[in-house]
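Hello,

Here is the structure I promised to pass on. Please open it alongside this email; my notes follow below.

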Amino acid sequence: MADKDSVEKFLDNNPAFAKEYYEKKVKADVIAAAFDNKVQVKDPASYNEVTAIQEAEFIFELVKEMKGSEQLEKSLHKVLQRIALMIKADRCSYFGYRARNGTPELSTILFDVTHNSPFEKNLVNPNVEIVFPTDMGIVGWTAHSKKGQNIADVKKDSHFSDFVDKQTKYTTKSVLTAPIMSGKEPIGVVMALNKQGAEEFSKSDQELFNKYMTFATAVALQGHNAYMWDVESRRSQVLLWSASKVFEELTDIERQFHKALYTVRTYIKCERYSVGLLDMTKEKEFFDEWPIKLGEQEPYKGPKTPDGREINFYKIIDYLLEDKEEIKVIPGPPADHWALVSGLPSYVAENGFICNMMNAPADEYFQFQKEAVDETGWRIKNVLSLPIVNKKEEIVGVATFFNRRDGKPFEESDEQITEALTQFLGWSTLNSDTYDKLNRTEWGKDVAQEMLMYQTKATLSDVQTILNTQEKFGSAPEDCDQKEMYKLLRSTIPESKNVELLEFRFSDFPLSEFELIKCGIRCFFELGVVEKFKVPAETLTRWMYTVRRGYRDITYHNWRHGFNVGQTMFTLLLTGKLKKYYSDLEAFAMVAAGFCHDIDHRGTNNLYQTKSASPLAKLHSSSVMERHHLEYSKTLMENEDLNIFQNLQKRQFESVQHLFEVCIIATDLALYFKKRTMFQKIVDSVEGIADEKEKVGYVANNATRKEIIMAMMMTACDLSAITKPWEVQSKVALMVAAEFWEQGDLERTVLEQQPIPMMDRNHADELPKMQCGFIDFVCSFVYKEFARFHTEINPMFDGLNNNRKEWRALADVHEAKMKALEDEKKKLEGGDQQEEGGKSKTCVVC
């Protein structure tokens, strides 16, 4: 009987006979029966005994799994098991190819697969995956070169890195690798390690390895294509849904972003994301720059956006997508808020980069919170942060996504989806910006129409009531000599001493409103600015008359109040000796701004304008009424017939406009507390200077100090009624209170709100007490510091203190009456509660 070796030799030498024999003996039913049974390989040494039919059964099972719903990793795991078995490799691994932040890298997906190792053991948890760049190690070189490698001795290969060996405490000797390609790009690398029973993998091992790489490629490509289809589908849905939502909401960028981001939450596939909205202010208000210019406050040294804005997140919208969905809106978030404390959003806002970070808490550059960020116990793992950029290439916000739902780090496809979303959001701000511009134009038109309906420019006949050229010269003003008109104007206006125009005790009550117009003109002549700056007499008269007509006929903030503020500014400059710090042009602008400071006042304050959503409140976001007064004043300057600064040079005119802004905006009491400490420090410094010339130079040579004093002068002028003689102050206080009560009535009827006591006429008997509080809390500081600054201003401080005594006396009388009533009430109540024996029903002595 022939032995095994002789039979094999015969078949090898007679291939035609061998083929005929197997075709005859191996029937279809035998093959079918083989496919009904699973391949069972218990001993790798028995591989040579596995028949071609059993091999076909393995391939058939693989095809069935690819057709079914088995996950990519399971099918690949079986291929790797087969490869390990076939080529007698100690272990095999599969590395996925991905990119983050534009840098390709490889990560372990199936690791240390042997011919019989369980899938669950070899599948790598994303939290412990090994990641390395493609320029590192033999596997990295395989992905980079896109060619397979057969390395007999890794120590002799320049590309070898022992990085993974150190992580796993394993010794690599020989390596067999092959890339899995999708077109021209790699999607993964399969690696076999350490040939069992030999020093290296043979050429036949490599051929067999490459044969099964065909199946591995088919499996990987199927999974890759399904994944990319999901990516493109989600990206399309993100764009479609965000587009539909941003066009639904045009009124506000915050609502626009919120609607879009909330709608697409299911397509982002992360546990949480937050959006930080950036303040778009590029320049500080002038009064916010004062402390910096004076060296009292350090200039901003933090990060800035590429267009130079200070990075200030004014609001964070936090979307929680795990378990119970929730949205948190955090206005004015603190710097240590968990979404900001790492510094990543600021970094993205500063540089405009996309930042994709895995295992973020371990990062050394950004300080992510390692513990739970809130009461839910949720922790940060992986982070993807992107800038939201508008069409002007300005960064308007930063979107940060946390923890991909499948536990893996965010990769290039996630960057593409979120970048498409943030780009669309950034571009969509053009819609809200355009809508806002249209609204502002409409609101501006409404305000302008309202102004024009109520006010009209002074007519020629109005001017002739003061500058009567027809009667004196028999011609219109434009046909008269300017010097002659100056003489005529001087002769028709009162002398300062006759009306006490230069006195702090000045009262407008004895004068008519028409006479106050003449007094206003006198102020400019006394300053010596009319002829110096070539102000036409007709223009000055028309401007003064028009300013008077610009004030509405309301209880307190009317022309009389406007004139009093301008007169007090005039008196502070001349009688108070503050003029020495300012040029003639500056003094000209300051007095003119004083007359205009409350022009077109409506008798209601800024808060009421905001609550009632008036066109003014929509047009101006802060200092609502003051900005309206400023714009009205500038409107007068735009009219050649009314522009008293028409003969100034361009730079002088721009300076005047700036001074108007400083003076008029400074009358907003909300800003008073910002400037008073700075003013006090200037007074302290001036007090310490003995030389008069040096003292003047300390203020006059510093534009910021001059503006601070100017702003405080406007406050002193605006509140000056509190310093007038008692007979004047008591009447003015009642007018102020009456206007406040009128606003309180509007709040009740129009806004359906309960007014504060100061605005409530039901609290009228508390006026003396409220006046004392107002003097102590607001007024006292102003006049005390000015009296310390210049002793010539002492009369104002003395008048204030005298009026406080008067109000305090009235308040004491009222409090005494109230106490007497309360005592009487308690006495009556106590009498009703007495029991027999004189014991109280409500009191128990223990």
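Start in the loop between H21 and helix H22 (606-611), where Asp-600 sits. Keep in mind that this is a predicted model. Asp-600 has a positive phi of about 65°, although it is not a glycine. Is Asp-600 buried or exposed? Its relative accessibility is 0%, so Asp-600 counts as buried.

A second residue of this kind is Asn-101. Its phi is also positive, at about 55°, and it is not a glycine either. Asn-101 belongs to the loop between S1 and S2. Asn-101 has a relative accessible area of 39%.

Look at one pair in detail. Strand S5 (residues 175-182) and strand S6 (residues 185-195) are joined over 8 bridges, in the antiparallel sense. Ala-178 has Val-190 in S6 as its bridge partner.

H7 is mostly covered, with 7 of its 9 residues buried. Those buried residues are Gly-137, Ile-138, Val-139, Gly-140, Thr-142, Ala-143 and Ser-145. They pack against S1, S2, S3, S4, S5 and S6. Just after H7 comes Lys-146, with a positive phi of about 65°.

Last, a helix pair. Helix H20 (residues 559-574) and helix H21 (residues 584-596) have axes that come within 6 Å and cross at roughly 155°. Angles over 145 degrees count as roughly antiparallel, so H20 is roughly antiparallel to H21. The crossing of H20 past H21 is right-handed. On the H20 side, the contact is made by Gly-562, Phe-563, Val-565, Gly-566, Gln-567, Met-569, Phe-570 and Leu-573. H21 contributes Ala-587, Met-590, Val-591, Gly-594 and Phe-595. By type, the residues of this contact are 9 nonpolar, 4 polar and no charged.

Best wishes

Methods:
Residues are numbered from 1 along each chain as its sequence is written. This is a predicted model: local features need pLDDT of at least 70, side-chain atom pairs count only at pLDDT 80 or more; totals for chains, interfaces and linings use all residues. Side-chain values use heavy atoms; hydrogens and water are left out. Two strands pair if DSSP finds at least two bridges between them. Helices (H or I, at least four residues) and strands (E, at least two) are DSSP runs, numbered from the N terminus. Axes are lines fitted to C-alpha atoms, for helices over the stretch in contact, and angles run from 0 to 180 degrees between N-to-C directions. Angles under 35 degrees count as roughly parallel, over 145 as roughly antiparallel, 65 to 115 as roughly perpendicular and the rest as oblique. A crossing is left-handed if the near helix is turned anticlockwise from the far one by less than a right angle, and right-handed if clockwise. Contact means heavy atoms within 4.5 Å. Ala, Val, Leu, Ile, Met, Phe, Trp, Tyr, Cys and Pro count as nonpolar, Asp, Glu, Lys and Arg as charged, and the others, Gly among them, as polar. Buried means under 20% relative accessible area, exposed over 50%, partly exposed in between (1.4 Å probe, protein chains only).
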